[in-house]
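Dear colleague,

I am passing on the structure that we spoke about, with notes on what turned up in it. Please have it open beside this message as you read.

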Amino acid sequence: VVSTQSTGDKTFIDVRVLHPNSLSNKEKPLPNMYRCHENEKKTKYLHRVTQVEKANFTPFVMSTTGGLAPEASAFLKRLAQKLCLKLDQDYSHIMGYLRRKLRFELLKTTLMSIRGFRKSRCTRISELDLNLINFYVK
């Protein structure tokens, strides 16, 4: 991803989706959950990305209820500002579009994790059993 911080820089984004009502998060307030997950991502990736890749790193933490962690929210705002200037459209329309798109992608991901990935129902002809039972037409 091209950086939202300065022209030409690279930015690595690592996405994490948390469920605030899960047993492991049940006792924590939401801001602490966001901070904990952001810090975990930073300790895991920040040094490598900044030192080896010479790029920026943004932990993009969001909840299944649609909330965003502070860094994810800041990233989304910077992205909306840049798109606003590039596309010459209102900031509110761009931000609304980005949030809507994010929430639909989150919904698709949540549904896929709940019900599992389903293959297409297409069957190859070579896999069909063409040994039909004898039946008579009267």
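Predicted model: local features only at pLDDT ≥ 70, side-chain atom pairs only at ≥ 80, totals over all residues.

To begin at one residue, threonine 11 has its place in strand E1, strands being DSSP runs of E with at least two residues and helices runs of H or I with at least four, both numbered from the N terminus. Threonine 11 counts as buried, at 3% relative accessibility, where buried means under 20% relative accessible area, exposed over 50% and partly exposed in between, with a 1.4 Å probe and protein chains only.

Residues are numbered from 1 along each chain as its sequence is written, and side-chain values use heavy atoms, with hydrogens and water left out.

As for the overall layout, the protein has three helices and two strands, and these follow the pattern β-α-β-α-α when read along the sequence. Of the 138 residues in the protein, 26% are buried. Taking contacts (heavy atoms within 4.5 Å) between residues at least 6 apart in sequence, 52% join residues at least 24 apart.

A search of the whole structure finds two aromatic pairs, a term that covers rings of Phe, Tyr and Trp (its six-membered ring) with centres within 6.5 Å, called stacked when the planes are under 30 degrees apart, edge-to-face when over 60 and tilted for the rest. Tyrosine 45 and phenylalanine 57 form a tilted pair, at 6.0 Å centre to centre and with 45° between the planes. This pair links distant parts of the chain, since tyrosine 45 belongs to helix H1 (residues 30-51) and phenylalanine 57 to strand E2 (residues 56-63), 12 residues apart. Tyrosine 45 is partly exposed, with a relative accessible area of 27%, whereas phenylalanine 57 is buried, at 11%.

The rings of phenylalanine 60 and phenylalanine 75 have centres 6.2 Å apart and planes at 90°, so this pair is edge-to-face. Here too distant parts of the chain are linked, with phenylalanine 60 in strand E2 and phenylalanine 75 in helix H2 (residues 70-87), 15 residues apart. Phenylalanine 60 counts as buried at 6% relative accessibility, and phenylalanine 75 counts as buried at 5%.

Both of these phenylalanines are also found in the largest nonpolar core, which has 11 residues in all, including Leu76, Ile94 and Leu106; such a core is a set of buried Ala, Val, Leu, Ile, Met, Phe, Trp, Tyr and Cys residues joined through side-chain atoms within 4.5 Å. The elements that give two or more residues to this core are E2, H2 and helix H3 (91-115), and H3 gives the most, with five residues. Leucine 76 touches Leu68, Met95, Leu98, Arg99 and Leu102, if residues up to four places away in sequence are not counted. Apart from this core lies another, of five residues, among them Leu18, Met33, Tyr34 and Val61.

Turning to the helices, the 18 residues of H2 should span 26 Å at 1.5 Å a residue, and its end C-alpha atoms are 25 Å apart, which agrees; the expected span is 1.5 Å times one less than the number of residues. The buried residues of H2 pack against E1, H1, E2 and H3, and just after H2, aspartate 88 takes a positive phi of about 55°. H3, with 25 residues, reaches 36 Å from its first C-alpha to its last, close to the 36 Å expected. Its buried residues are Ile94, Met95, Leu98, Leu102 and Leu106, which pack against E1, E2 and H2. Just after H3, glycine 116 takes a positive phi of about 90°.

Finally, asparagine 25 lies in the loop between strand E1 (11-18) and H1, and is buried, with a relative accessible area of 6%. A polar atom of its side chain lies 3.0 Å from the backbone oxygen of histidine 19. Leaving aside neighbours within four places in sequence, asparagine 25 is in contact with Leu18, His19, Pro20, Met33 and His37.

With best wishes

Conventions:
Polar contact = N/O pair within 3.5 Å; in protein donor to acceptor, adjacent residues only side chain to side chain.
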